[in-house]
Amino acid sequence: MEPIPFLSLGPQHTLIHKDVMEALKKGFEKNWFILGEALGKFEEEYATFSNVGYCLGVGSGYDALSIALRACAVGSGDEVIVPAHTYIATWLAVSKTGAKIVPVEPSRSTFTIDVNKVGNYITPKTKAILPVHLYGQSCDMSVLEDIAKRHQLLIIEDNAQAHGASWNGKMTGSFGHINATSFYPTKNLGCLGDGGAITTDHEELVRFVKQYRNYGFESKNFCEVQGVNSRLDELQASVLSIKLKHLMQWNEQRREIASKFLKLLKGVGDLQLPFSPTEAYHVYHLFVIRSAHRDKLREHLASFHVETMVHYPLPPHLQKAYASLGYKKGAFPITEEIANSALSLPLWPGMKDEQVQYICDLIIKFYSSR
Ligand SMILES: *Cc1c(COP(=O)(O)O)cnc(C)c1O
């Protein structure tokens, strides 16, 4: 068996190669690279896809989160509820505003924020809840919407890992007051570099974001706010338009591969397999299993040239960057338990059945020789 990489964009890129080359050529010859037609077109398409009123392209997922928080006037004196178990960008965007990060443990079975614990962390200073649809699965948005309504809090979704996912048939990225996503190349919908977007139904926020992402210009030469430079460029937007047409089909392929893994790995060793509540349409950005023997299992797979990853080995609260918050080991035991036991298996649209079978056989062999 050929080495199995953690992720291959090969099959996707083969399928769209011709269309992408044509779009890049057209964009190059058009000679208009920033804030043009291709961006407007993609923004409309992604808004329709997400079932929201508006989409605005920005420079990255981190920028999308930062600008969304800024649009809601989140800042010092505010508290924002975030998952303890997430990619560090979620935390960084919040702490940069000056607001206080209030981490909440994940559920052991879904890896997303434990909605039953969120209520315990609400204070008069709480301004927003920032749910992250981690690994491709929606948080329990029914409960979160209910909590937000009861306490008059804003929801700001981090949808970087869950393009096309839904909860009770409603798209992630359409629940919050304003939402952020990333088009980093490895995401389910990725561009050819950095990119991100904001989705919202609120026109007044659209006006703010349009200005803020472009230095705060209200019109040529007139600055209304002290903005930033964070724009999704024309070439990236044109590529995203092409990829978006295939996204649901690619997500379906991810789900098929995931269901094969689930079937072949059921009951094997001490594995804990991903769990999906019936309300969730999981788009398997990552296929994350758990084992007390994670590191040994990872080494075993690597020795047979199967590449795996760990998302994420060191939680944000234990990063040096957040030493000032004073969290010690043990502060968030479930988050730390996941960090020590989670293993992400290879999964990508176009991955072959033989590859899935091979990985599962290796895992079964690992446990039978123990
Ligand atoms: C990728 C990611 C981000 C950041 O996106 P960038 O485009 O890399 O800035 C934020 N949150 C989550 C959950 C992510 O996975």
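Student: What should I keep in mind about the numbers here?
Tutor: As the model is predicted, local features need pLDDT of at least 70 and side-chain atom pairs count only at pLDDT 80 or more, while totals for chains, interfaces and linings use all residues. Residues are numbered from 1 along each chain as its sequence is written, and side-chain values use heavy atoms, with hydrogens and water left out.

Student: OK, which residues come nearest the ligand?
Tutor: Among the 14 residues around the ligand, G61, Y62, D158, S182 and K187 come nearest, where "around" requires a heavy atom within 4 Å.

Student: And how far is the polar side-chain atom of K187 from a ligand oxygen atom?
Tutor: That side-chain atom of K187 lies 2.7 Å from an oxygen atom of the ligand, and a polar contact is a pair of N or O atoms within 3.5 Å. A polar backbone atom of G61 is 2.8 Å from a ligand oxygen.

Student: Switching topic, is I34 buried, partly exposed or exposed?
Tutor: I34 counts as partly exposed because its relative accessibility is 35%, given that buried means under 20%, exposed over 50%, and partly exposed in between, with a 1.4 Å probe and protein chains only. I34 lies in the loop between α1 (10-30) and α2 (37-50).

Student: Last one, what stands opposite W167?
Tutor: K170 in β7 stands opposite W167; strands are DSSP runs of E with at least two residues, and β6 (residues 166-167) is joined to the antiparallel β7 by two bridges.

Note on methods
Two strands pair if DSSP finds at least two bridges between them. Helices (H or I, at least four residues) and strands (E, at least two) are DSSP runs, numbered from the N terminus. A polar contact is a pair of N or O atoms within 3.5 Å; within protein, one must be able to donate a hydrogen and the other to accept it, and residues adjacent in sequence count only if both atoms are side-chain atoms.
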